[in-house]
Each structure stands twice: as C-alpha cells, then as structure tokens.
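Subject: Structure handover

Hello,

Here is the structure I promised to pass on. Please open it first, then read my notes below.

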Amino acid sequence: AAILDDPMECSRGERLSITLAKNRINRAPERAGKARVEVDIFELLRDSEYETAETMCQILPKGVVGVLGPSSSPASSSIISNICGEKEVPHFKVAPEEFLKLQLQRFTTLNLHPSNTDISVAVAGILKFFNCTTACLICAKAECLLNLEKLLRQFLISKDTLSVRMLDDSRDPTPLLKEIRDDKTATIIVHANASMSHTILQKAAELGMASAYYTYIFTNLEFSLQRLDSLLDDRVNILGFSIFNQSHAFFQEFVQSLNQSWQENCDHAPFTGPALSSALLFDAVYAVVTAVQELNRSQEIGVKPLSCGSAQIWQHGTSLMNYLRMVELEGLTGHIEFNSKGQRSNYALKILQHTRSGFRQIGHWHVSEGLSMDNRIFSSNISDSLFNTTLIVTTILENPYLMLKWNHQELEGNDRYEGFCVDMLKELAEILRFNYKIHLVGDGVYGVPEANGTWTGMVGELIARVSESA
C-alpha cells in the first residue's frame with residue numbers, strides 16, 4: 001500500500017512513479033509465471049492525523065507486505081510508523097527527517113531519504129574545502145537547529161563563526177538578507193524547501209548579493225531542479241546536492257514519463273525535473289520486492305489480513321525487515337542500502353554547482369569516504385573566469401597614474417581618463433578579455449581607518465563592495 005499526500009493536478013508524479021515501478025517489475029522476463037506486484041494507493045490531505053489512522057485501519061485487513069509514504073506529512077508519517085510497528089509491517093519513509101534524533105524509531109521503519117546528519121556533515125566538508133571560517137545559516141523553520149545539529153557542533157568544536165538567522169512569519173527574507181549583507185558574511189547556508197530557497201536567492205539578487213563575492217549552499221536535495229533566473233551573476237558560487245542516478249537504465253524514460261504527465265495536467269508551468277519523492281517511491285517498490293524475493297527462497301510467505309481492533313501481528317514481518325536491512329540495489333536515487341537503524345547507508349550525495357547551462361557535478365560526498373571534489377575544476381586558471389565579465393575599477397585621480405583628459409567633459413566613460421594605470425588596464429583587458437569601468441572614489445582619498453573601525457576612501461569602498469551603480 002502507498003499513502004500519498006500529493007494533489008492530483010500539477011502533482012509530483014508519485015502515483016505515476018509507483019505505477020511505473022510496478023509495471024516494470026511485472027513485465028520483466030524473469031518474473032514470467034510468478035506472483036504479480038500490486039500497489040493499492042490511498043490519498044490523504046496533508047497531516048490529516050485522524051484520516052491517516054482511519055486509512056491504516058482500511059489497509060491492514062487487505063493484507064500488505066509494506067506501506068510506503070507519505071512524502072510531506074510528518075505527523076501522518078509518525079502515525080503510520082507506530083501502527084506498522086505494532087503490526088510488524090514494514091514502513092518506508094521518503095520524506096526528510098523532521099528532527100535529527102527520531103524518538104522511538106520503530107524497527108519496522110526504513111527511511112530512503114538521506115538523514116540530516118549526513119547532510120550536515122557534507123555541508124561541513126564543503127566549508128572546510130573552501131577554507132570557510134565564517135558563515136551564516138538561514139533557517140525557514142525553528143526545527144532547522146535540530147536538523148543541522150551536527151553542523152552546529154562542528155562550528156562549536158572548531159571555534160569558527162556561524163551566525164543563525166530565522167525567517168519570521170512574514171516569510172519575506174529581505175530584512176534578513178540585508179543584515180547578512182551589512183555583516184559582510186560571504187558564505188550563506190540555506191535550509192528551506194526548494195520554493196523558499198529559490199525565493200531567498202531571488203531576493204538576494206535584487207539586493208546585489210548574487211555576485212562573485214558570495215557562496216550559497218542549499219541543503220534541499222531538490223534545489224538543483226530549480227531554473228535560476230538569468231539576472232544572477234555567473235560568478236556567484238551556488239552549490240546544491242542531488243542523489244539522482246542519471247546513469248540508471250530507466251532514468252531517462254522515468255523523466256520523460258513524468259514530463260509527459262506534467263504537460264498533460266499542468267501546461268501553464270514548465271516541468272523542471274522529477275520530484276525526489278517520486279524517485280524514492282520508485283526505489284521503495286523495488287526494495288520491498290527484492291527483499292520479498294530473497295525471503296521467499298528460504299520460506300514461503302504470504303500476506304495476512306490484520307485488524308486495528310486486535311493484537312495480531314504479521315508473522316513474517318520481522319523476517320522481512322531483516323531481509324530489507326540486507327537489500328543492496330542500484331536505484332533511481334543511487335545505491336540503496338540500510339544500516340541497523342533503518343537509515344540509508346553506503347551512498348553518495350552529488351555536489352552540484354550552478355553554471356550558465358544549469359548545474360554541473362563538481363564532486364561528491366560519500367557516507368564512509370567523505371568529501372571528494374574535482375580538482376580539475378578548482379585548479380583551472382583564475383583568469384578564465386574573467387572572460388567577458390565587467391569589472392569595476394575603483395581609483396582616485398593621481399598624476400601620472402590616472403588623469404582627466406583636457407577635453408574630458410566632451411567624453412564619456414573610460415574615454416575621459418588617461419595615464420599609466422589606464423594604459424595598463426587596456427593591455428590587461430585585451431589579454432584576459434574582460435571589460436571594465438573606471439570608478440572614482442567619492443571622497444578622492446586612498447582611505448584611512450576611522451575610530452569606529454570603518455575605513456574612508458578607496459579602501460572603504462572596497463570593503464563595502466561599493467560599485468559605480470551604488
């Protein structure tokens with residue numbers, strides 16, 4: 001049985017993904033003459049707790065070997081786990097953990113979604129790779145601090161600086177981003193759903209915070225499916241994670257099927273890619289079938305009608321859970337394997353970086369092997385990144401380095417200036433193929449420190465990252 005909390009129109013494709021998995025398994029040549037896989041699908045409102053319990057009491061009398069989902073209802077998922085635990089029926093979670101440490105984790109519960117602990121360690125590894133000792137964490141929910149506890153502990157141990165900012169009830173990140181900009185924090189970690197993550201980046205771009213100075217790390221595993229706006233500076237370092245296995249034999253057909261369904265039901269919005277929950281549900285069907293096949297080699301099992309009103313359990317449940325913990329297969333979301341706690345293990349998170357043509361993989365983080373980055377990307381000549389970019393050159397008038405031409409009032413832009421520095425800029429721009437704008441400092445001085453710690457002049461504008469348009 002699968003319990004879905006996904007609306008039909010413009011859906012995440014969860015119902016379709018389950019059907020695709022079921023049909024692919026039943027049509028496999030090696031399945032000829034064997035029992036067919038059937039999945040009963042039940043749809044609920046999100047976090048409708050009473051309805052969830054009622055639905056489980058409808059499912060149990062049918063006799064099932066496992067329950068899948070839902071993908072975005074933590075309260076409903078908790079109820080399902082408890083009922084499955086009492087009846088010893090496996091329950092597959094496909095949603096992110098709400099908290100780092102789940103209370104009373106049932107033996108019958110398995111979670112295909114990467115744990116918050118793993119994501120925290122992966123983020124910490126990236127920060128270490130970039131030698132980042134100061135960062136800001138933006139949280140969409142208060143639970144964020146529990147979810148990323150491992151990351152916070154890492155900062156406490158290393159004595160590096162991590163500031164935390166929480167979105168308020170208005171859900172407008174603008175005031176919060178302004179504070180980060182004023183604090184001169186260049187590395188920003190965003191822990192929010194894909195939609196809010198995209199909104200945060202849009203607002204950051206409006207505030208001039210999408211430039212080469214900033215690095216953004218998004219913890220949401222679906223952020224890489226977002227189509228980022230063209231207004232972003234190509235040099236801003238935007239990083240995200242993914243567990244999609246694009247080399248899987250069925251992956252392209254899977255994406256095409258979801259795309260076609262989306263076009264038929266939601267043609268007013270573009271299809272950005274498969275939802276993670278749909279791929280996890282696809283893999284969950286395969287994991288259950290694989291474990292049942294292995295268990296059947298040693299004992300013939302069958303489903304048993306159960307009731308919410310009796311203390312009866314499914315006698316094969318414990319055996320099947322043991323076999324599920326031994327499952328190893330390659331799915332749409334990479335390597336599928338579980339540890340003794342029912343959490344995903346021995347898998348890798350792909351580390352993606354935004355480019356003009358979308359996201360590209362620049363490394364990966366493995367549960368046991370840690371972080372591995374593509375050194376070819378980061379060892380490339382820095383001058384390559386200057387191609388076709390426009391630099392603001394902050395300076396002051398100083399003979400013979402930079403002077404106004406005698407007829408400067410008749411000229412515009414860089415043509416108004418001459419001198420040694422102007423000649424050098426022209427040569428460098430031709431060699432490295434970049435553009436530039438000469439910007440005179442407002443107060444006309446190099447800069448001296450003030451009593452409050454700020455600087456005047458050229459140095460002050462560099463620290464404040466003031467551009468000509470500011």
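**What I found**

Cysteine 57 is partly exposed, with a relative accessibility of 31%. Helix 2 (residues 49–59) holds cysteine 57, while cysteine 308 sits in the loop between helix 10 (276–298) and helix 11 (317–324), so the bond ties together parts that are 251 residues apart in sequence. Cysteine 308 is partly exposed too, at 36% relative accessible area. The S-S torsion of this pair is about -110°, so the disulfide is left-handed.

Please keep in mind that this is a predicted model.

**The other cysteines**

The count of disulfides comes to two. Cysteine 139 and cysteine 144 form a disulfide, again with sulfur atoms 2.1 Å apart. Here the torsion about the S-S bond is about -45°, so this disulfide is left-handed. Cysteine 139 is buried at 0% relative accessible area. Cysteine 144 is buried at 1%.

For a disulfide, the sulfur atoms must be within 2.5 Å. Cysteine 132 counts as buried, at 12% relative accessibility. Cysteine 136 is buried at 0%.

**The whole chain**

The protein chain has 470 residues, and 48% of them count as buried. There are 14 helices and 19 strands. The C-alpha atoms fill a box of roughly 95 × 45 × 40 Å along the principal axes. Among contacts with a separation of 6 or more, 64% are between residues 24 or more positions apart. The accessible surface is about 23900 Å², and carbon and sulfur atoms account for 50% of that. The chain carries 42 positive and 55 negative charges, and their mean positions are 6 Å apart.

**Backbone details to look at**

Most residues other than glycine have a negative phi, and most peptide bonds are trans.

- Glycine 69 and proline 70 are joined by a cis peptide bond, with omega about -5°. Proline 70 is in the loop between strand 3 (67–68) and helix 3 (74–87).
- Asparagine 399 to proline 400 is a cis peptide bond, with omega near 0°. The loop between strand 16 (390–395) and strand 17 (403–404) contains proline 400.
- Lysine 159 has a positive phi, near 65°. The residue lies in the loop between helix 6 (149–158) and strand 7 (161–166). Lysine 159 is exposed, at 74% relative accessibility.
- Arginine 433 has a positive phi of about 60°. Look for arginine 433 in the loop between helix 13 (420–432) and strand 19 (435–440). Arginine 433 counts as exposed, with a relative accessible area of 54%.

**One annotated stretch**

An unreviewed UniProt entry lists residues 400–464 as "domain: Ionotropic glutamate receptor L-glutamate and glycine-binding". Over residues 400–464 the chain is 32% helix and 15% strand. The end C-alpha atoms of that stretch are 27 Å apart.

Best wishes

Notes:
Residues numbered from 1 in each chain as written. Predicted model: local features only at pLDDT ≥ 70, side-chain atom pairs only at ≥ 80, totals over all residues. Heavy atoms only, no water. UniProt positions renumbered as here; feature names shortened; annotations may be inferred. Helix = DSSP H or I, 4+ residues; strand = E, 2+ residues; numbered from the N terminus. Buried < 20%, exposed > 50% of the residue type's maximum accessible area, 1.4 Å probe, protein only. Contact = heavy atoms within 4.5 Å. Areas by Shrake-Rupley, 256 points an atom, 1.4 Å probe, with all protein chains shown as cover. Lys, Arg positive; Asp, Glu negative; His and termini not counted. Charge placed at Lys NZ, Arg CZ, Asp CG, Glu CD.
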